Amino acid sequence: MGKKELIQKFQKDHDKYWKVELFEREGYTRKQCKKCGKFFWSVGSNDICPDATCTSYGFIGNPPTSKRFNYADTWKEIDKFFVSKGHASVRRYPVVSRWRPDLFFTVASIIDFQRIEKGQVAFELPANPLIIPQVCMRFSDIPNIGVTGRHYSSFVMVGQHAIANEKGYWKDKCIDLDFELVNSVFGIPKEEIAFVEDAWVGYGAFGFSLEYYVRGLELGNAVFTQFLGEMDSYREMDEKIIDMGAGLERFTWITQGTPTSYDAVFGPIIEKMRKDSGIEFDMELFNKYAKISGSLDMDVSSDIGSMKKGIAKSLGITADELESKIAPLEAIYAICDHARTLAYAINDGALPSNTGGGYNLRVVLRRALSFLEQYAFPFRISDILELNCKELKPLFPELLENLPQMQKIIDVEEKRYDATVKISRRIVADILGEGKKFSSNELAKLYESQGITPELIQKVAREGKVNIQIPSDFYDSLTKNHITVKEEKSPFDATGLPETRAVYYEDAEKLELDSTVIAIRNGAVVLDATIFYPEGGGQVADLGTINGVKVLDVQKVAGVIFHRVEKLDFSEGQRVYIHVDGETRKALMRHHSATHILNYACRKVLGNHVWQAGAKKEKERAHLDITHYEKLLPEQTKQIELVANRIVLEDRKIKITNMDRSEAEKEYGFTIYQGGASPGRLIRIVEIEGGVDVEACGGLHLPSTGKVGMIKIITEERIQDGVSRIEFVAGEAALNYIQKEAEVLREASEKLKVSPEQLVSTEERFFSEWKERGKKLGELEERIAELEAEKLLPEAKGGIVRKVLNVDVKLLEKIALCISERDVTAVLANQNNDVVAATFENSELDASKLLSQLYSKFGGAGGGSKRFARGRTKEKVSFSS
Ligand SMILES: [Zn+2]
Ligand SMILES: [Zn+2]
């Protein structure tokens with residue numbers, strides 16, 4: 001069943017679902033739209049629905065509200081109203097939704113309050129009812145941003161959420177409040193407010209909804225989430241949820257009635273950018289254009305080009321004229337949106353890169369940069385970012401605090417982009433030169449492989465008077481390709497089995513246990529209780545035995561622990577003795593606690609943008625992957641090592657508590673999800689005391705940092721764009737490592753007969769001597785080649801010396817060249833079947849052709865030019881015949 005069928009199903013009993021008390025009280029009646037067939041509720045006798053496709057915007061230049069509000073004040077008004085009605089005002093959640101393993105960015109306010117438990121969505125509201133200004137990210141409309149006047153890559157969703165119980169409310173109260181907000185607070189008469197019947201499906205829950213509109217603009221959508229599951233198999237929720245989302249951007253816009261939503265939202269920033277750009281804008285033309293373009297939806301009719309042609313025609317100018325006058329302003333809007341998105345995302349812990357959600361960020365950053373280039377705007381992205389952070393200070397003061405770090409990251413990205421621009425000129429010229437076309441595929445390939453945006457290609461092509469159209473779904477398909485949700489299928493099936501008692505959590509020191517076999521399944525043993533730590537959170541499984549049989553792997557599925565053993569010689573109900581290797585366990589614990597310490601050290605040294613991107617803890621070594629925008633410098637690595645070892649020396653307590661998830665989020669923030677999302681309502685919090693590090697983590701830890709012993713970083717490398725891997729060892733493994741290093745040093749210094757301290761200077765001396773000798777050797781070879789050539793010249797027949805010599809290929813080439821310098825052609829071979837040919841200027845002979853003759857006779861292949869060629873034959877060359 002699709003959404004359409006769902007609406008039809010609800011419509012069979014429409015009053016039960018959509019009718020609310022307000023409609024009765026205020027005289028709203030249900031009508032069907034003459035144009036699109038949708039059902040809606042309004043006062044009066046209008047039979048056209050208020051959706052923008054049926055009713056064009058009627059507020060531009062003529063706002064229906066009693067007052068004008070800027071962006072921040074609009075939120076303050078809304079917040080004040082809901083708080084006065086008993087709602088808790090909740091701070092925004094991060095835009096990077098680390099609590100959701102299936103999403104990268106927060107796409108709606110309700111996402112804040114959803115957690116995944118055993119594959120099911122669970123709703124958890126920190127207060128009931130509540131109001132929140134949630135920043136959301138959406139990257140499916142990139143070509144529309146700046147163009148339609150209302151599309152954004154990030155926006156604030158005003159989230160009004162409640163649970164339908166005695167503290168919260170259900171649909172009647174919800175619509176009462178929304179109506180009061182629009183009607184009383186913003187002063188829009190009820191005749192202007194209409195509601196459209198709709199439904200909403202997503203993320204494992206669905207319900208019916210009422211969208212409220214004013215003069216063609218949808219201000220909000222109140223979803224009444226009543227059912228859990230998919231549309232084909234669902235159940236009614238025990239506690240139904242109100243999910244009302246309204247666009248803060250839209251509320252501001254309707255109070256101001258500006259040509260585009262961007263003018264209302266970004267206000268002074270746009271004004272400044274317009275002035276600084278030095279371009280004279282025809283604002284009268286733009287206002288006319290905006291009225292038409294505002295009702296365009298590129299999702300429906302996707303050819304922007306032909307649409308603009310249509311608009312130009314209705315404005316009485318040519319499409320080119322329109323483009324030249326409108327496009328720079330559209331670019332300004334887009335840059336402003338993109339900069340704001342980058343500010344939110346970087347502040348909340350994402351980085352532009354070529355993978356995952358970071359991919360979208362680089363796409364918008366590069367799109368903004370190519371606009372700067374295209375129109376030669378005098379401002380920088382960092383400037384626009386700063387202006388945005390300042391504008392948003394009343395709403396989100398955290399942005400301005402992290403501004404310097406954001407700007408540093410943008411600077412690094414800009415340099416990368418500049419390098420790309422240089423090579424793109426060449427590549428585009430090549431493709432155009434070959435007469436090839438820029439298909440969607442070709443454009444995507446260039447972006448994927450070289451980071452060249454279509455805008456840049458357009459610009460470079462225009463320099464060569466070639467017009468290239470960007471397909472409107474370009475960015476959509478580009479970003480879609482990169483949103484993949486990984487779901488690994490476990491080979492173990494836990495259905496019907498009771499959860500295994502995890503004794504390692506009760507006592508991490510316990511290395512022996514008597515237990516009972518519960519089941520033999522999927523080639524593994526399941527016990528009623530175990531001390532084997534299963535692989536998880538990057539920590540490998542414990543080693544040990546069950547009744548003396550070696551355990552190869554331990555995995556946990558839905559609370560059930562599976563032990564894969566060397567020989568499956570067990571039976572259900574059998575009592576067994578299990579033993580875990582203490583050495584391995586200790587090493588794993590050290591490495592795990594060390595990972596948390598290092599992660600803290602990295603954030604301390606590099607900045608708050610650092611997040612754990614992955615980790616692995618083995619017995620002999622471990623690694624921590626962190627997000628960082630450039631390669632680590634040696635001094636930074638040293639500093640990280642120092643900070644980490646200081647934490648060790650301070651011997652801080654490592655405290656483990658089981659906490660209610662929402663309590664933990666409230667107390668410690670979302671940095672607890674460094675290691676990823678944690679399933680379950682109760683989460684295990686590992687805290688290194690003294691404000692060092694707090695993470696939701698299922699791993700085994702030492703009681704205090706002192707027990708970790710020394711932490712030694714071994715290597716550091718960038719393993720992918722935006723991610724660095726730090727390999728390290730801790731405790732005894734660190735000692736082993738240092739001892740081995742010392743051994744190498746000792747051996748090297750013994751061989752060179754110097755002390756270890758003198759190794760570096762000795763090595764330098766040897767190196768320069770070696771280089772000097774190499775130079776002398778080269779000179780000698782040169783001399784030999786000359787002498788050899790001298791010797792061979794008299795053997796020339798018909799102006800060609802043909803000879804097989806017993807020298808290496810380098811010397812062979814030099815000799816050939818020496819001969820050709822004397823205006824004699826050389827065709828030489830050696831004992832390794834290398835062949836070279838050299839001719840001289842103005843010679844009629846062709847070196848590569850001469851070698852081709854050899855290949856046809858002796859086999860082989862090679863390459864080269866008319867003057868010089870080389871290759872290799874299959875058989876030995878002989879010139880005797
Ligand atoms: Zn309609
Ligand atoms: Zn951990």
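**A walk through a five-domain predicted model**

The protein chain is divided into domain 1 (3–19 + 57–258), domain 2 (273–480), domain 3 (501–580), domain 4 (586–740) and domain 5 (786–872), with bounds that come from an automatic or database domain assignment. Residues are numbered from 1 along each chain as its sequence is written, chains are lettered from A and ligands numbered from 1 in the order in which they are written, and side-chain values use heavy atoms, with hydrogens and water left out.

Let me start with the whole chain. Its C-alpha atoms fill a box of roughly 115 × 85 × 50 Å along the principal axes, and its secondary structure comes to 26 helices and 31 strands, where helices (H or I, at least four residues) and strands (E, at least two) are DSSP runs numbered from the N terminus. Of the 881 residues, 53% are buried; buried means under 20% relative accessible area, exposed means over 50%, and partly exposed lies in between, with a 1.4 Å probe and protein chains only. Among contacts (heavy atoms within 4.5 Å) with a separation of 6 or more, 64% are between residues 24 or more positions apart.

Next, which residues coordinate the zinc ion (ligand 2)? They are His 592 and His 596, each through NE2, and Cys 697 through SG, at 2.1 to 2.3 Å; donors here are N, O and S atoms within 2.8 Å of the metal (3.2 Å for Na, K and Ca), and since water is not among the atoms, sites may look incomplete. In sequence, these donor residues follow the spacing H-x3-H-x100-C. His 596 lies in helix H20 (residues 582–606) and Cys 697 in the loop between strand E24 (693–696) and strand E25 (711–720), so the pair ties together parts that are 101 residues apart in sequence. Both His 596 and Cys 697 are buried.

Turning to the interface of domain 3 and domain 4, the centres of the two, taken over C-alpha atoms, are separated by 27 Å, and ten residues of domain 3 are in contact with eleven residues of domain 4. The area buried between them is about 960 Å², with 58% from carbon and sulfur atoms; buried area is the accessible area (1.4 Å probe) that two parts lose on being put together, summed over both. Tyr 505, Gln 539 and Val 540 supply 48% of what domain 3 buries against domain 4, more than any other three residues.

Two helices deserve a look. In helix H17 (residues 454–463), eight of the ten residues are buried, so this helix is largely enclosed by the rest of the structure, and Lys 465, which follows H17, has a positive phi near 60 degrees. In H25, the buried residues include Leu 811, Leu 812 and Ile 815, and what covers the buried residues of H25 includes helix H24 (759–792) and strand E27 (800–805).

Finally, some backbone details. A cis peptide bond, with omega about -5 degrees, joins Asn 128 and Pro 129, and Pro 129 sits in the loop between strand E5 (120–123) and strand E6 (130–137). Ala 376, although not a glycine, has a positive phi of about 50 degrees, and Ala 376 is exposed, with a relative accessible area of 59%.

Technical notes. This is a predicted model: local features need pLDDT of at least 70, side-chain atom pairs count only at pLDDT 80 or more; totals for chains, interfaces and linings use all residues.
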